[in-house]
Amino acid sequence: MRWEPITKPRQIRNVAPNMPDYAKAYAEFSWDKARAQLDGLPGRRGLNIAHEAIDRHAAGARRGHLALRWLGRHGEVRDFSYADLHLLTNRFANVLRKLGVGKGERVFLLAGRIPELYVSAIGAIKNGSVFCPLFSAFGPEPIRQRIGIGDGRVLVTTVALYKRKVAELRASLPSLRHVLLIGSEQQIREIPDAHDFGQLMNEADSRFEIAPTDPEDLALLHFTSGTTGTPKGAMHVHQAVVAHHMTGYYALDFHPDDVFWCTADPGWITGTSYGIIAPLTHGITSIIDESDFDAERWYGILQDQKVTVWYTAPTAVRMMMKVGTEVIAKYDLSRLRFIASVGEPLNPEAVVWGQKAFGLPIHDNWWQTETGGIMIANYASMDIRPGSMGRPLPGIEAAIVRQKAGAVEVVTDSGVEGELALKPGWPSMFRGYLHEEARYRKCFAGGWYLTGDLARCDADGYFWFVGRADDVIKSSGHLIGPFEVESILLEHPAVAEAGVIGKPDEVAGEVVKAFVSLKSSFSPDEQLRRDLLGFTRKRLGAAVAPKEIDFVANVPKTRSGKIMRRLLKARELGLPEGDVSTLEGA
Ligand code: PRX
């Protein structure tokens, strides 16, 4: 089916878009001009994300402006002005300094959306340390791997998460010097070798001067997954903030009076780049909801908090579509001006549904952990072609490429599928995978950064997502490496071989499905299946563990022993098996 383009009015809710003319903005853009929108540290002492996000506003006219409004699970509300965040993040920076945690050292955060997370993130960056979030739905194994690879020096988490997921790992994490726990004094006293976050904060000085910061100093470490191997720690530097700020302006259309709500989990990069940094650099108000998705709760928040710009994800949109539009009519959403979505393909139906449900289309945009910020987007002023990710941000050169005999060729014919590639050089570009130079280098060829996504570009420069070029799985917007799941399955005494794929799912996009062959002394039955599901869930956490497990006589492999996940997927979906000439035994 062909979807009609959605044309845009000149103004939306009486607000003129920041980018009235895409071609003009793209032609006139320079990163130097974008950098000039930020202040830099006083006395020309460099560029620090925390200064741009908090301190410069706390020292100016936005001092008393609401920076974060936190909505607790049980109806609590806590407000933080820019001045409040200035003092709190100063305190946390002093906590780290007093513990002897310095520049470049990694501070891990394992928590849901609680105020302490936001304070710790900016406080760590202020101290010159590196903020590294972990997904709170991870089980012990993904946590152990990431803190281990990242040489985590500090972990901030809650008592409950610590007891459930971290306590058992402590001995296997030699780099981890300090665990800071959020909870009641009494609970924390009972845990050996841990600090009380609240107590340290109370005792800390609320004055702090940010040390000179080179724009290339490491600020953020975000883990992502590949088809094989361990998780990859994508390193980002302080000047990424130039891209966070610029994309907030163009792709999310931030205006000074906006109330912004990013629904992303803080354990993933969207939760940092847009859940924390970008809106703060603009001095606007962000809403943080501690709870997970609930359609009516969300509409209530949009109404009561007078949200103007809303950044969400396709899985959430699909869940809203299931609930239907009738319920939306009960809410006054007249303040809502701009809706954007990221993380997985946004069905054209969903874009159009937004128009019907909210009177506003949903603007798809595209980026990755490696790119640090939005790269391709649909803009407030630009007509939407439903199903397209939009056009590259100013300052971003994107192309469709093909690799032929070791060379990279740019596909100039419109509509032809190839790998999506970007010309390196934007400020939020990752600077490497921690400790994995070779894996980093493999991402580049012929002067391009190769994204691992397949896409098409039409004659007007709109990009269309086709699929992944590799086997990574996208479930509810979360990237999952099949190898990580297979490795845990292999640790079960009954499992001989395991192959893991993403099985298409109407709501989550994909769900994790495993195919397992058993050692000869075990036979497949329901009890064993349940046992395996429980085993992986306990080790990996609900978000990463397989939802389905099938027993097979053999897991198909190439002659060199590589699992043929594509074949497993084709068989699962009843599709042609394609070239199986390398199949073992073929
Ligand atoms: O495959 C693309 C998909 O998500 C991948 C990046 O995932 P991650 O590193 O977890 O980044 C999170 C920040 C967005 C991409 O390589 N993806 C992202 N956005 C879209 C998308 N797929 C289709 N359409 C999108 N808009």
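Me: How many bridges join E25 to strand E26 (residues 509-518) in this model?

Reply: Ten bridges join E25 to E26, and the two run antiparallel; they count as paired because two strands pair if DSSP finds at least two bridges between them. The model is predicted, so local features need pLDDT of at least 70 and side-chain atom pairs pLDDT 80 or more, while totals for chains, interfaces and linings use all residues. Residues are numbered from 1 along each chain as its sequence is written, and side-chain values use heavy atoms, leaving out hydrogens and water.

Me: Why is one side of E25 and of E27 left without a neighbour in the sheet?

Reply: The open sheet has the order E25-E26-E27, with mixed pairing. Strands E25 (495-505) and E27 (548-551) stand at its edges with a single partner strand each, so one side of each has no neighbour in the sheet. (Strands, E, are DSSP runs of at least two residues, and helices, H or I, of at least four, numbered from the N terminus.)

Me: What makes Asp364 a buried residue with no salt bridge, and which side chain of opposite charge is nearest?

Reply: Asp364, in strand E14 (residues 362-366), is buried, a word that means under 20% relative accessible area, with exposed over 50% and partly exposed in between (1.4 Å probe, protein chains only). Lys and Arg count as positive, Asp and Glu as negative, and His and the chain ends are not counted. The nearest side chain of opposite charge, Arg318, is 9.4 Å away, whereas a salt bridge needs a side-chain nitrogen of Lys or Arg within 4 Å of a carboxyl oxygen of Asp or Glu, and therefore Asp364 has none.
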